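Student: I would like to learn how to read the computed features of a model. Please go through them one at a time.

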Amino acid sequence: MPIVKFVPQNKEIDVAAGTNLLKAADDAGLYIEGDCAGKGTCGKCRVKVIGGADEPPTTAESKLLSESELKAGWVLACQRNIEKDCTVEVPVQKDAHTRKTTLAGGVENLDVEPAVEKIAVKLNRPAVKDQTADLERLLAELEKGELHVKPRELAGFPSMLRKNSYSVTAAISGKRILSIEPGDTTEQLYGVAFDIGTTTIVGSLLDLKTASVIAVAAVTNPQNIYGADVISRITHASQAEDGLKQLQDKVIEAVNKIIHDLLRQTKIARDRIYEIIAVGNTTMSHLFMGIDPTYLAPAPFIPAYSKALEVEAAELGIRINPAGRVIFLPNIAGYVGSDTVGVILAAELDLPGDNCAAIDIGTNGELVLRANDKLMACSTAAGPAFEGAQIKQGMRAAAGAIETVSYINDGIELKMIDDAPACGICGSGLIDAASALLDAGLVEPSGRFVNPEENPDKIPAQFKDRLRRGNGGYEFVLVSGKESDTGEDIVISQGDLRELQLAKGAINAGLMILLKEADISENDLDRVLLAGAFGNYVRRESALGIGLLPQIPAEKIIAIGNAAGDGARMALASLTMRKRAFELSKTVKHMELSTRPDFQEFFVDALPFRKMQ
Ligand code: FES
């Protein structure tokens with residue numbers, strides 16, 4: 001069996017001859033970026049073979065890698081099968097999670113109202129005159145009426161009781177005893193709220209006695225290996241042998257990794273976590289629970305279930321207290337999931353109030369409108385451009401990503417995350433770049449680069465060398481290879497601008513339909529809330545400049561952070577909030593866009609880079 005050694009991570013793995021290199025890396029626990037599920041079209045899974053393999057480049061590699069990269073040994077991991085021992089250099093992934101973990105909030109000012117209660121008791125010792133069984137003795141002392149307990153919880157109970165002078169603590173959820181613990185453990189009551197994103201999974205550890213967030217951790221959703229978007233994952237779940245199980249295993253593995261990290265940060269004991277509340281899009285909820293998502297993909301996009309599902313942690317293999325409860329909040333429709341329920345809860349859109357739209361921009365754009373105290377929601381396939389995917393040199397918001405691009409003093413100025421050398425462009429940088437190129441007159445409102453051959457006078461002298469012809473049309477060089485971290489020029493291509501137009505067109509069209517249904521115009525909007533990390537970092541002026549957002553005064557556009565995660569944290573900390581989440585999911589009117597003839601009209605109308613009308 002060939003051995004693959006991965007450096008600098010220093011991991012070695014034996015694989016069967018013919019194993020795909022991307023799979024081998026995944027089996028070795030390494031994350032290699034990729035957006036196309038190994039189809040060889042995104043070019044993101046590049047690794048360098050530094051010993052042991054010398055096959056000629058594949059067609060995809062020849063297309064997506066430069067001469068110099070091929071010469072230096074770069075390959076696309078998904079295009080290579082391992083036939084003999086080799087050493088492979090995997091670029092160290094930059095941390096793209098900081099921005100998602102620093103936004104944890106949502107539980108400030110909540111009443112402390114956890115679903116799990118802990119009661120410490122000291123039982124009377126049994127005697128010949130009082131032969132009451134241990135459990136019944138405990139139940140009588142708890143004074144909670146009939147409570148159920150699984151034999152597993154009773155296994156060590158008798159000796160625990162005696163070793164601890166009859167002092168124990170019961171953790172109770174509803175009518176169930178989840179755990180009986182030695183001594184008084186009432187101070188140790190924890191839960192974790194998860195935001196299961198298609199791209200990133202974020203977990204927040206809450207002290208349920210105080211309703212406070214005490215640690216946050218995040219990982220890239222490892223289902224990524226099966227594709228960057230939900231449709232690829234649904235396809236894998238429904239068509240690959242064991243596909244659904246593979247996807248469920250991946251997300252549970254990620255959840256366990258986050259829990260491990262949270263425990264390491266706080267030094268609390270694993271079995272003192274009694275509850276998990278999760279939110280995510282409808283596909284994520286199906287995959288998390290191991291439920292077939294096949295019929296979400298074709299019209300009429302029917303989920304297997306919508307209501308909140310609750311299971312025992314041990315049943316899913318989630319490593320908290322084995323009797324701990326895991327609750328996925330309810331979905332609204334096939335493409336409007338519990339993450340949107342979380343946004344509505346966090347933004348209090350389920351309460352009467354002003355005319356307000358909330359936009360959660362991710363691979364799917366989820367839109368909510370409260371108008372005249374009625375709630376409507378829709379989902380629109382924005383594509384992964386805002387996550388930096390399907391963009392020539394797109395990347396997630398990690399160190400070195402170009403995040404702001406400004407047209408100032410007749411020049412283009414850039415700012416990279418953490419002021420690190422540029423290595424790509426993230427979603428907010430892409431919007432900025434389009435806006436700056438429009439301002440500089442290098443891009444027409446139609447989204448096309450000005451043709452320097454037809455209109456040489458329109459290209460300012462300082463940009464003449466930077467606007468050039470690339471493989472798929474013109475491209476603008478943001479950073480030259482001499483200054484970039486990668487040694488390659490970092491460009492915005494015509495294709496990138498097209499992807500951005502499609503994404504913004506989809507968001508615009510969705511919002512216009514909601515406004516039309518509510519019989520109001522964008523001028524009637526009192527506020528537009530931007531949810532999610534992307535919404536937090538995108539510059540409002542640039543988003544307005546390319547027409548991504550409704551034309552209302554910039555001060556009415558408000559970033560509300562990771563509202564989906566906030567909603568999960570609120571539902572974990574407070575039973576009242578949880579009930580509200582359950583209720584609101586039934587009252588939101590879902591608008592299905594795919595069947596609306598006017599969607600296409602709005603979409604086409606919204607493609608140009610111009611302010612919304
Ligand atoms: S080219 Fe390999 S994952 Fe996309």
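**Overall size and aromatic pairs**

Tutor: For a chain of 613 residues, a compact globule would have a radius of gyration near 25 Å, and the protein chain agrees with this at 27 Å. The radius is taken over C-alpha atoms, and the globule rule is 2.2 Å times the number of residues to the power 0.38. This is a predicted model: local features need pLDDT of at least 70, side-chain atom pairs count only at pLDDT 80 or more, and totals for chains, interfaces and linings use all residues. Residues are numbered from 1 along each chain as its sequence is written, and side-chain values use heavy atoms, with hydrogens and water left out.

Student: What box do the C-alpha atoms fill along the principal axes?

Tutor: The box is roughly 105 × 65 × 45 Å.

Student: How many helices and strands does the secondary structure come to?

Tutor: Helices (H or I, at least four residues) and strands (E, at least two) are DSSP runs, numbered from the N terminus. The protein chain has 19 helices and 28 strands.

Student: Which percentage of the residues is buried?

Tutor: Buried means under 20% relative accessible area, exposed over 50%, and partly exposed in between, with a 1.4 Å probe and protein chains only. Here buried residues are 57% of the 613.

Student: What percentage of contacts join residues at least 24 apart?

Tutor: A contact means heavy atoms within 4.5 Å. Of the contacts between residues at least 6 apart in sequence, 67% join residues at least 24 apart.

Student: How many aromatic pairs does the structure hold?

Tutor: Rings of Phe, Tyr and Trp (its six-membered ring) pair if their centres lie within 6.5 Å; planes under 30 degrees apart count as stacked, over 60 as edge-to-face and the rest as tilted. The structure holds six such pairs. One of them, Tyr407 with Phe463, is tilted, at 6.5 Å centre to centre and 50° between the planes. This pair links distant parts of the chain, 56 residues apart: Tyr407 is in strand E20 (residues 401-408), and Phe463 is in the loop between helix H13 (427-439) and strand E23 (467-470).

Student: Why does Tyr407 count as partly exposed?

Tutor: Tyr407 does so because its relative accessibility is 26%. Phe463, at 1%, counts as buried.

Student: Why is the pair of Phe599 and Phe603 stacked?

Tutor: The ring centres of Phe599 and Phe603 are 6.0 Å apart and the planes lie at 15°, so the pair is stacked. Phe599 and Phe603 are four residues apart in helix H19 (residues 597-606), which means a separation of about one helical turn. Both Phe599 and Phe603 are buried.
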